[in-house]
Amino acid sequence: MGDGGGQDEEAREMRTCVSKQARPRGSRRERKDRREQLHAMGGSENGETPRRVCVSGGTGFIGKEVVKELLRNGCQVCVLTREAEKAKKALQDEEVRVAIPAQWKEAICSCDAVINLAGEPVASRWSEHIKAEIMDSRVNATRSIVEAINGCPDGKRPSTLVSASAVGYYGTSDTATFDEKSPPGNDYLAQVCQAWEKEAQKVDPKTRLAIVRIGVTLERDGGALGRMLPAFQMFAGGPVGSGKQWFSWIHREDLVRLLVEASRNEKYQGIYNGTAPNPVKMEDTCEAIARNMGRSSWLPVPSVVLQAVLGEGAATVLEGQQVLPSRTLEAGFDFKYKTIFDAMAAILKKDTTQAVK
């Protein structure tokens, strides 16, 4: 291609909700005031109309931060939910629209991109009922979203669908290394991920699809780390199970940035691993937690204890896989937190400050 084509590609890659140099990062009131000013001027600060993004799972551990990041970027956000009042209470932000299933198609047909994060948590005691919920919540929500996208009239169809999956797609192994080209596993979570992705792949070819296989997402207010911290705070933390299982992780801030980037950057198409570039063993994760909290990590949590509490669900922490984000790095994504020690230092800095005092 000639220079003109290259310039067009560069322009597309630089396009975002508003210009990066002018992202509104103030209080909710300040963001609203700025949004009203931009609306009066007929667009965003760089002359573009603010992008409209629908988010499913927008009140969850990851989704709520995706919503905040989109708002900071100047986007108009609509959360797709099954319980409107519960979602409004969780979000507590009047800038965010909420749509119940009967309104999903209308909302989706008026947006530019959809970020699909819906799904029942997997870190629980698995009964046959819970296993069905884990599968159905992902497959059915994705199916509904894809059907809504495919049913939009030409000219109103979202240009992009970013759909979550998980590194459970690859199954578990103590020795193998997986990247986006690796084949699927055959255990229960691998089957869930395959069915989940299959529904996303039914989206109209005119809609760009990016599937992000998410690793163990770290922040102190939820997820795996939120469940591990109380033990360390009681000086009772240590490796979970043998400690030798692989732990493919990502700091939530990096994951949120990746999901938002995939929603706006046309370079992202296909499968991407949402994991940091340096997976570690579980014992290294516990050591990083302990070091940053001024605690010891000598007392392991026996496998039998987790199995008693979580049943089959214990597999989510007792077994792991070494996953590399090869295509994510090739796309140019710059991880802020590349090592587990950097991530834990940032997450647990309050504990470190208190320990120094």
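This is a predicted model: local features need pLDDT of at least 70, side-chain atom pairs count only at pLDDT 80 or more; totals for chains, interfaces and linings use all residues.
1. Contact here means heavy atoms within 4.5 Å. The buried residues of α8 pack against β8 (216-218), α10 (282-293) and α14 (340-347). Helix α8 itself spans residues 223-233, and its buried residues are A224, L225, M228, L229 and F232. They lie on the same side of α8, because the arc they cover around the axis is only 125°.

2. Now for the chain as a whole. It has 357 residues, and 49% of them are buried. Its secondary structure comes to 15 helices and 13 strands. Take the contacts between residues at least 6 apart in sequence: 79% of these join residues at least 24 apart.

3. Strand β7 deserves a look next. How many of the residues of β7 are buried? Seven of the seven residues in 208-214 are, so the strand is largely enclosed by the rest of the structure. In a regular strand, side chains alternate between the two faces of the sheet. Both faces of β7 are covered: R208, A210, V212 and I214 are buried on one side, and L209, I211 and R213 are buried on the other.

4. The neighbours of β7 can be traced through its pairing. Strand β5 pairs with β7 in the parallel sense, over seven bridges, and A166 stands opposite I214 of β7. Strand β11 (residues 270-274) also pairs with β7 in the parallel sense, here over five bridges. Within β11, N273 is the bridge partner of R213.

5. On to the largest nonpolar core. This core holds 42 residues, and V55, V66 and L70 touch the most other members. At least two residues each come from β1 (52-56), α3 (63-72), β2 (76-80), α4 (84-91), β5, α7 (188-200), β7 and α9 (252-264). Helix α9 gives the largest share, six residues. Leaving aside residues up to four places away in sequence, L70 touches V53, V55, C75, V77, I115 and V260. There is also a second, separate core of 24 residues, with A288, A290, A343 and L348 among them.

6. Which cysteines does a disulfide join? The pair is C109 and C152, with 2.1 Å from S to S, and the count for the model is one disulfide. The torsion about this S-S bond is about -100°, so the disulfide is left-handed. The pair links distant parts of the chain, 43 residues apart: C109 sits in the loop between α5 (101-108) and β4 (113-116), while C152 sits in the loop between α6 (128-150) and β5 (160-166).

7. How covered are these cysteines? Buried means under 20% relative accessible area. C109 is buried because its relative accessible area is 12%, and C152 counts as buried at 3%. C54 is in no disulfide; its nearest cysteine sulfur belongs to C111 and is 3.7 Å away.

Conventions
Residues are numbered from 1 along each chain as its sequence is written. Side-chain values use heavy atoms; hydrogens and water are left out. Buried means under 20% relative accessible area, exposed over 50%, partly exposed in between (1.4 Å probe, protein chains only). Helices (H or I, at least four residues) and strands (E, at least two) are DSSP runs, numbered from the N terminus. The arc is that of the directions from the helix axis to the C-beta atoms. A disulfide is a pair of cysteine sulfur atoms within 2.5 Å. Two strands pair if DSSP finds at least two bridges between them. A nonpolar core is a set of buried Ala, Val, Leu, Ile, Met, Phe, Trp, Tyr and Cys residues joined through side-chain atoms within 4.5 Å.
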